[in-house]
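Please walk through this protein model with me.

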Amino acid sequence: MRNRPRASLGRILHDLGTTLLDVAASPGDLDTEVTGVHIYDPLDELIVPPGGILLAVGVQRADDICALIERAGQAAGVVVKLPVDVDERVRAVVLETGVAVLGLTRAASWSQVAALLRSLLAEGDLAEPGEGPPDDLFSLANAVCALLDAPVTIEDRSSRVLAYSGRQEEADQGRVETVLGRQVPDRYLRMLDERGFFKQLYQSRDPVYMELDDENVINRVAVAVRTGDEILGSIWVAVHEPLSEQRQRALADAAKIVALRLLRERAGADTRRRLRADLLSTVLAGGTDAAEAAERLGIATTRLCVLAAQLTGDSAADPARGESDRQRFCDALALHVGAIHPKAAAALVGSVAYAVLPLQSGGPDSSGEEARAVRVAESFLARVGPRHAANIGAGRLALNLAHVARSRADADRALRVLRARGATGQVAGYTSVHFESLLLQVADVAAAEEQTPTGPYQRLLDHDAEHGTELTATLRAYLDAFGDVNAASARVHVHANTFRYRLKRLVEISGLDLSDPDARLTVMLQMRIFGR
């Protein structure tokens with residue numbers, strides 16, 4: 001088979017088929033190279049580079065479609081939910097600009113179509129100049145479809161759809177839901193499992209015919225995709241009757257080709273991820289190589305903000321599962337920031353997923369742009385929260401690559417403050433936690449130099465340790481309540497008179513002058529720095 005060409009609009013439509021996208025208005029030639037996927041937001045400046053596909057969320061009327069096409073004149077296509085309001089004005093603008101109008105089935109969500117399109121475009125990511133991407137799974141699915149004369153899906157071990165052929169409209173509603181969701185619906189998985197079909201599939205090296213005994217569901221033939229004893233996935237064919245012996249052999253042979261492809265993809269994905277991580281690490285570190293690394297990643301080189309995201313769950317019990325969860329989390333972050341800005345980049349560095357987010361040009365005050373980065377991070381956590389418990393720190397705005405390392409350090413410090421608080425699902429901009437971060441840095445210095453508490457605070461700690469008292473807790477409650485004895489006594493669950501007695505005792509023992517603001521500040525800082 002020949003290497004897959006650069007992604008063109010026509011090729012993408014051929015791969016996805018009319019189940020998902022159809023052409024509503026065409027300029028004639030659909031060979032335009034597609035460079036990326038972008039989501040239209042009427043509140044943001046419209047930035048669509050040449051060859052971009054623009055997902056026109058909320059756009060319906062012909063007037064709005066015309067206006068959007070004229071503003072995005074370099075785009076390859078504009079996607080609108082069906083039914084598309086196409087009239088003579090729309091057709092004229094399409095012919096004038098060369099921007100195709102595509103209709104998206106109403107059953108699909110915008111996140112689904114964005115993920116589908118990006119998965120098709122990701123084939124050539126980070127390829128070196130002159131390297132052509134290898135044959136893809138969609139091509140293989142279409143080839144198997146032609147051999148067997150039936151619609152085909154290629155799925156991984158978890159029944160997630162990796163690729164599918166054309167002619168899916170000839171299958172049943174379950175197949176349509178599978179293609180749109182890129183995942184076999186749970187009710188079908190339960191049915192197949194209860195009937196023992198998965199057990200048959202994974203125990204056999206030959207195709208397995210499955211009679212589903214449902215007038216609304218077409219029967220299936222499936223074959224496991226394996227390398228040795230490892231199951232990589234499966235190929236599923238929607239059929240009305242068992243395959244002939246010749247077609248069974250063709251399906252079994254196709255499974256071997258798909259296995260090689262999946263192994264190559266797995267190796268290639270690991271290589272691309274390591275390369276992206278190395279390049280992004282170079283950008284985050286700054287220095288002489290940062291500009292070249294930024295250029296290879298394709299990120300903007302001015303006005304950047306760094307996000308540092310980290311899962312909060314305990315992965316020590318299963319390190320392999322933890323690494324897989326971190327990688328999926330990073331992939332989701334990359335997809336999210338990529339939908340906001342085409343030049344954003346994200347990669348996993350150690351246990352932290354870093355994202356470099358280009359921001360709109362603005363005035364010298366960067367607080368508004370940092371706040372926007374925080375909102376981007378909050379939006380991401382709101383989307384993935386049920387699946388991934390995490391915190392995100394946002395650094396200050398970097399006006400150029402030389403300041404990116406500072407923004408990364410800011411993001412790391414903000415993330416550390418959230419960890420110190422024991423927070424989960426929180427976002428913090430560096431400026432909002434600046435002082436807490438400084439205290440943690442001072443604590444690091446004190447620990448490195450093996451410094452210990454001194455003065456009145458040290459005397460209180462020694463007394464509590466020797467006599468089993470809680471005078472330190474009494475002092476902390478008093479200071480936290482700004483000297484309000486009633487509030488402080490309620491916090492430690494004692495009577496106000498008892499609290500006053502303890503307060504008098506701790507003053508006698510420590511020699512602390514609670515009327516001196518400098519003395520109060522000194523002991524408060526020691527409590528924060530030494531954390532006792």
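This is a predicted model: local features need pLDDT of at least 70, side-chain atom pairs count only at pLDDT 80 or more; totals for chains, interfaces and linings use all residues.

Residues are numbered from 1 along each chain as its sequence is written, and side-chain values use heavy atoms, with hydrogens and water left out.

Start with a peptide bond. L82 and P83 are joined in the cis form, with omega at about -5°. P83 sits in the loop between β4 (77-81) and α3 (88-97). Helices (H or I, at least four residues) and strands (E, at least two) are DSSP runs, numbered from the N terminus.

Now turn to phi. F482 is not a glycine, yet its phi is positive, about 55°. Its place is the loop between α16 (471-480) and α17 (485-491). Is F482 buried or exposed? F482 is exposed, at 81% relative accessibility. Exposed means over 50% relative accessible area, buried under 20%, and partly exposed in between (1.4 Å probe, protein chains only).

H493 is another case. This residue is other than glycine, and its phi is positive, near 60°. H493 lies in the loop between α17 and α18 (496-510). With 72% relative accessibility, H493 is exposed.

Finish with the cysteines. How many disulfides are there? The count is zero. A disulfide here is a pair of cysteine sulfur atoms within 2.5 Å. C305 is buried, at 0% relative accessible area. C330 is buried too, with 3% relative accessibility.
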